[in-house]
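Reader: Hi! Could you walk me through this one?
Author: Happy to, here it comes.

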Amino acid sequence: MKKLQHKLIQTLLLTSTFPLIILAVITVISLENISINEAHERIINNLNIVQSVYNNIKEDLKYVVRDENRRIFTLLENGETGLLRDQLKKYVQKNKMDFFVVSDAQGKIIISVTNSKAEGENSSNDNYVQKAKDGETLLSTEVLTGEQLQTLGISEQAKIPANKNAQGLVIRAALPVTNREEKIVGTMSAGYLLNNNKIILEEIKKAMGLISSIFLEDLRISSNIPSKKDEYAIGSVLDSAEAKKIIKEGYRYVGRMSILGKWYISGYLPIHNSNNNVIASIGISIPETYVFALRDNLIKIFTFAVLLS
């Protein structure tokens with residue numbers, strides 16, 4: 001009789017627990033797929049916002065530089081170069097720019113806010129200066145060489161840990177300086193160095209609450225992804241061959257990515273230069289621990305329910 005009771009209890013436990021286990025497994029798998037799909041959708045939607053944030057920062061730079069035309073012309077006309085230099089330094093700091101250069105109509109540098117040693121040098125070979133002298137307004141993202149960074153006085157600021165290739169990614173605007181008769185009397189060029197610069201990342205975090213990075217080719221030159229000892233992931237590389245290939249072809253990429261040993265759902269937005277070549281990218285990421293937080297909590301609930309049954 002006792003053996004029969006034991007068998008009945010075992011059968012009851014199996015018949016009541018097994019369907020619950022199956023249900024739990026199916027639910028967990030479904031929740032995992034839902035979580036991943038929602039994370040992908042969030043990344044895709046937020047890449048559009050990243051594009052908008054980036055474009056707004058570029059456009060704002062153009063107007064910030066243009067607004068100095070009157071001050072530059074007036075003070076230069078009055079021979080107050082020292083006063084202009086001091087006021088431009090304050091203006092650069094106020095607007096978080098990294099360089100501001102004023103040249104005359106022949107291309108000779110009159111003022112370089114971040115490198116006074118360059119003043120007096122001829123910058124007419126600079127494509128931006130040439131076109132601004134011809135009345136064009138230029139605004140783009142470009143890669144500067146080590147020599148160009150040194151001329152602007154921002155080579156130290158551009159250095160990336162464990163990377164010997166001295167290059168800098170900049171958002172740059174160049175405009176003609178005009179007098180009261182709208183005659184071109186010089187040029188002005190200014191911008192942001194994106195190496196080690198969190199100006200865009202802060203805007204992304206403010207708008208979307210996501211961690212992000214900027215890449216020059218596959219090198220991470222700016223990031224708010226924490227690593228060890230309050231440092232950040234700057235200097236690491238984008239190690240997905242598939243992602244690099246897709247981004248280089250000018251397409252957005254969304255997928256699972258390992259960053260410093262941790263897994264993220266990430267998306268990457270290509271950045272083009274004035275020749276429409278892909279030179280960089282912006283990446284945004286959601287830690288998988290956040291993505292699967294709901295799933296993991298439900299696993300605990302189901303496990304507890306199974307144990308109780």
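Reader: Nice. Is R172 buried or exposed?
Author: R172 counts as buried, at 8% relative accessibility. Here buried means under 20% relative accessible area, exposed means over 50%, and partly exposed is in between, with a 1.4 Å probe and protein chains only. This is a predicted model, where local features need pLDDT of at least 70 and side-chain atom pairs count only at pLDDT 80 or more, while totals for chains, interfaces and linings use all residues. Residues are numbered from 1 along each chain as its sequence is written, and side-chain values use heavy atoms, leaving out hydrogens and water.

Reader: Got it. Which residue forms a salt bridge with R172?
Author: That is D126, with the closest N and O atoms 2.7 Å apart. R172 lies in strand β4 (residues 167-178) and D126 in the loop between β2 (109-112) and α4 (127-133), so the pair ties together parts that are 46 residues apart in sequence. D126 is partly exposed, with a relative accessible area of 22%. A salt bridge here is a side-chain nitrogen of Lys or Arg within 4 Å of a carboxyl oxygen of Asp or Glu. Helices (H or I, at least four residues) and strands (E, at least two) are DSSP runs, numbered from the N terminus.

Reader: How many salt bridges does the structure hold?
Author: There are 10. Among them, R71 and E68 meet at 2.6 Å, N to O. R71 is partly exposed at 29%, whereas E68 is buried at 3%.

Reader: How many bridges link β9 and β10?
Author: Nine, joining β9 (residues 262-272) and β10 (residues 278-287) in the antiparallel sense. H272 stands opposite V278 in β10.

Definitions and conventions: Pairing = 2+ DSSP bridges.
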